Amino acid sequence: MIRQGPELIREGRDVEEAADVCVVGSGCGGASLAAWLAEQGKSVVIVEQGGYYTKDDFDQRELNMLAKIDGGRGLAASDDVSVSLTFGNNVGGASVHYWADSYRTPADRLLEWRDVFGIQGHSEAALAPHFAEIERDLSVHPAADPYANRMNVLVKQGAEALGWHVARVPQARKACRASGHCMQGCSYDAKQSQLVTYIPRALAAGARLFSDARAERFELQGRRVDALSARVLDRATGRPAGPSLRIRARAYVVAAGGYGTPELLLRQGFKDSLRALGENLFVNPCPMAHALFAEDVIQWRNIPAAWGVEEFRLARYDGPHRVFGRPGTGRYLEGGYLFMPNQLQPAMLGAVLPGFGAKHSELMRSLSKLGGTICWIDDVEPGRMRIEGGRRRLEIPLSGGNGERLRDAWRKQAELLFQVGAKQVLFGDAEDTRIERASQIDDAVRRLSIRPGRNVLAAPHPGGGARMGRSAEDSVVDYEHRVHGFDNLFVSDPSVFPSPPSVDPSLSILAFSRVAAAAVAAALP
Amino acid sequence: MTEIARRGLIQLGLGGAALLALGGGALAWAGRGYALRPGEVAIGLSVKQLAVARALVETLVPGGDGLPSGLDLGIVQKVDEQVWATDEGTASDFRAALLLVEHAPPLFGFYSRFTTLDAPARREVFERMLRSRRDVFVQIATALKQLIVLCYYADERVWPHIGYDGPWIKEAKPPDSTLAYAKLLGQRGGKS
């Protein structure tokens, strides 16, 4: 059963629901957990802030789809406008606009989480069966050759010529039509987002889903959450517009995403007892490099990333390496990011290309010859979220270790782009830095300013704001995803990760959600 | 006061504060010296903010060489729609950013408001904002440019001129916000 905001507003009556489990959020963390619990016979209510849209609503137009499925209509940014916040705001969450890149959490990162951060119960061996099942559910497979557009082929060729490890990117797709509109939501239900996988399974097993409903307040009784109140939102403006929801459940799971979960918990005033709440935030800031080629690249068709450069996933140091939020004594050498072909439709591409007026439109007239790359930086400097004056504030540091990695990522991207014949490489900064030869790379990258607003960086993979750990002294949830100090409040999304997973996070979130689901089931009295 | 305006004050120092005070004074005179053009309606923005948005659209997406102008495509109204439909925090930042642009030219050597400058002077001011040592101007110039350029290249009338073959789904399905905004616009005598 799905009940949507417009229907609830028309009816105009407050709604009371009771369930075994109330899940806030319907992305990778929430939808999968809801499905698994519902299939075990638990009664589940899902509360989702965004609207419910299906493939029939996806028209592949950027502005229309930003309004339907992207948080803040794609206009949200960190406090200093350094990074654009990319997150889902719809049933299915960010998986509806994601690229479908589906990596298991690398074994080295799981070991680091165990050995450095003390994480228990989430080892490679513990997660392996979950990964296998999730990969079957989502049809995860390596991208085949027909799905590599020209930009992908160039990335593969460039990486091979430079001696960098490049590999097929695992994809969650079925019978992909290769339209290139993954970020606008798949109009063919080929991308295996939560919308077409775990959400239907949860509903088939009896889960009740309320869309356009913003979770606002947990009612507490000692160590237990007694109820959750939510407001129905007007879909046109996202503002409260009508009746309220009140859900009484035996357990509550916050799965509102890397930005949404710490924000919701901070708004409850939990920071006083959970000092780590909103701290240790990471976002995978994404530096891009654009390139003009002599040949047609047509970057906007086919899947975004069939080939990815894995050579630099782990940073290299000349001594002990840095771990997220911790100092290291080694000198940084290179790496600390995944490196992908980029894919943007023209409006978003126009927005991130440098300059304006005639100079900018000259670039856009060369659209078919414009290609580019993007890197997901494995953050080492933690960011922070807080609530100030009722508004969410977000500090995302781009200096220190993050800055070193950003510069190296720009350097490597330019190197590869020239290797495969770029006539000009553009860094997209406010100063409009452009170079035409590989010999100019070092000087150009050294001069790039990383001060607020001067670069275009997306932040698509947030997490860490409700990290997992031993006690409330250093973390927000325990190893069973339960919020410290509560008996029946859990978190199931990337907020619990102690550091970035170093790959696109969707599969990591799903596997962790399996562990969370088991803990929630076990906790039901 | 919005986040951008507060950061602006801190970064601009005394001169900037005086500048903003002038801007604030001008707010009290909202509407004076600013007018809507035929068919325009200010819903998400004030009349003054809409005038600044119009000047920016003329500067950033002027068209030419076969490309349609942002003004002819109604991008000013589209920007107003985005501000109307977004959350109040983001919307107030955009509104503040527009006011800062309007009163910034003296800091870049042009003793006039942005809306009353001629086209070459506006281009020069905007270029200097993007390259300014003061972060706040780079931030607001970048944010406003991104919003306006996004609206412009999302317009399918531009696509044939840049070689973009467009979506495979032929029928546009506007979001609820666009439908609701169009209704408001119609009620107030505007055209989209």
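Predicted model: local features only at pLDDT ≥ 70, side-chain atom pairs only at ≥ 80, totals over all residues.
**Cavities and rings: a quick tour**

Residues are numbered from 1 along each chain as its sequence is written, chains are lettered from A in the order in which they are written, and side-chain values use heavy atoms, with hydrogens and water left out.

By a cavity I mean a set of points on a 1 Å grid over the protein atoms alone where a 1.4 Å probe fits but cannot get out, and lining residues have an atom within 4 Å of a point. A volume is the space filled by probe spheres set on those points, which are joined across faces, edges and corners.

The largest cavity holds about 110 Å³ of space. Its lining has 16 residues, and nearest its centre are A:G428, A:A430, B:L130, B:T142 and B:K145. Which element gives the most to that lining? That's α6(B), with 3 residues. By class, the lining has 7 nonpolar, 6 polar and 3 charged residues; here Ala, Val, Leu, Ile, Met, Phe, Trp, Tyr, Cys and Pro count as nonpolar, Asp, Glu, Lys and Arg as charged, and the others, Gly among them, as polar.

The second largest cavity comes in at about 80 Å³. It has 14 lining residues, with A:R173, A:C176, A:S179, A:C182 and A:C186 nearest its centre.

Now, the rings. Over all chains, the structure holds 19 aromatic pairs, meaning Phe, Tyr or Trp rings (for Trp, the six-membered one) with centres within 6.5 Å; planes under 30 degrees apart are stacked, over 60 edge-to-face, and the rest tilted. Take A:F87 and A:Y259: their centres are 5.5 Å apart and their planes at 70 degrees, so they're edge-to-face. A:F87 sits in the loop between β4 and α4 of chain A, and A:Y259 in helix α8 of chain A, 172 residues apart. (Helices are DSSP runs of H or I, at least four residues, and strands are E runs of at least two, numbered from the N terminus.) Buried or exposed, A:F87 and A:Y259? Both are buried, which is to say under 20% relative accessible area with a 1.4 Å probe, protein chains only, where exposed is over 50% and partly exposed in between.

Last stop: A:W164, A:F312, A:Y337 and A:F339 form one aromatic cluster. The charged end of A:K412 sits over the A:F312 ring, 4.9 Å from its centre; that takes NZ of Lys or CZ of Arg within 6 Å of the ring centre and within 35 degrees of the ring normal.

Key
1 Å grid on protein atoms, 1.4 Å probe; cavity = no way out; pocket = protein on both sides within 12 Å on 5 of 7 lines; lining within 4 Å.
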